[in-house]
Amino acid sequence: MKKTLSLSLIFLLLIFSAAGHAQIGGKSTYKFLSLPSSPRIVSMGGDFLSIKDADINLALSNPSLIVPELNNQLTLNFVDYFSDINYGFISYGRSFEKIGNFVGSVQYIDYGRFTYANDAGETAGNFKAGETALIIGWGRQLDSTFSIGANFKTIFSAFESYNSFGLAVDVAGTYQNEHGFAASLLVRNIGTQIITYDNGSREPLPFDLQIGMSKKLKHVPFRYSILLTNLHKWDLTYDDPTKLKTDPFTGEKIKEDKFMDFLDKTFRHVIVGVEFIPTRNFSVRLGYDYRQRQELKVDSKLSTVGLSWGFGFRISKFQFNYARKAYHLAGSPNFISISTNLSDFL
């Protein structure tokens, strides 16, 4: 077993080092692959979690959480995004003793209906735009503490008459001990476009290198989560054209505080979340994304940008989850999911 574990870690490291050229921001395509879909994940601030408690809603973003207990679980997730945009996914789990555990998912985003118009403003009907990914996730427990997993994705994108097809893979490993601590190492969206839009140049996929940690307290019904994202790129700041670079009265260049600048760049990688679990059938969650707040807040107006919250509860054979995240003053999307185990009906 130690040999298997060592080979798995080497494989993960090779994958990570090979993906170091990846881009962030607006320099990649298929961005819907990075959108958080599960209400539980969103309510705790991030786009993945390291919590290993047999929740199929977490498997799409972290395949190392695919365990035998997901067998016959089914989940539907829907996000009422901005304007007419909506997205979500459906997942179903199945376990096989010899080859491991699988979760099949269909992830989609619908950008809505658009109007054809030429330079003169003359309209000529409507068209739609959307993207879809068919995903097979695999996970396997190597021993009592360590598990690995991978997602294999086929991606279809259509914007009016412009179409694209791509392939991608996620690779992950999770460690969990008997004290309620779990940590995941995750690399997402390694891949390429096979067919490009209008036979143009290939665009990179939204690669991300992430580490997640979670701990459930022993004597208090709380769990906390810390996520470290975009670890392949240190500086996530951008050049703000509205930021004053010279003193308007003296004309002298404003000196930057190097220590505060270091803290700002550090915390742009950090997302924190907490989960209050008073009973097995009910939980309340809260999360904070520092980077999102810095990028989307309005300095002249007090707001909750960067904060997210949600709850989950079980009724009979069904688990319901809801979350809301403050992206901007313009609005906060609603995240909804319903899950069940089909074996409960047999």
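Buried means under 20% relative accessible area, exposed means over 50%, and partly exposed lies in between (1.4 Å probe, protein chains only). The model is predicted: local features need pLDDT of at least 70, side-chain atom pairs count only at pLDDT 80 or more, and totals for chains, interfaces and linings use all residues. Residues are numbered from 1 along each chain as its sequence is written, and side-chain values use heavy atoms, without hydrogens and water.

View 1. S37 sits in the loop between α1 (2–18) and α2 (39–43). Helices here are DSSP runs (H or I, at least four residues), strands likewise (E, at least two), numbered from the N terminus. S37 is buried, at 6% relative accessibility. Leaving out residues up to four places away in sequence, S37 touches N77, V79, Y87, F89, Q107 and F335. Contact means heavy atoms within 4.5 Å.

View 2. Strands β3 (residues 100–117) and β4 (residues 123–141) pair in the antiparallel sense over 15 bridges. Two strands pair if DSSP finds at least two bridges between them. V103 has G137 of β4 as its bridge partner. The hairpin has 5 residues between its strands. In the turn, G121 has a positive phi of about 85°.

**View 3. From β4 to β5.** β4 also pairs with β5 (residues 146–159), in the antiparallel sense, over 13 bridges. W138 has A150 of β5 as its bridge partner. A hairpin of 4 residues joins β4 to β5.

**View 4. F222 in its strand.** F222 belongs to strand β9. F222 is partly exposed, with a relative accessible area of 34%.
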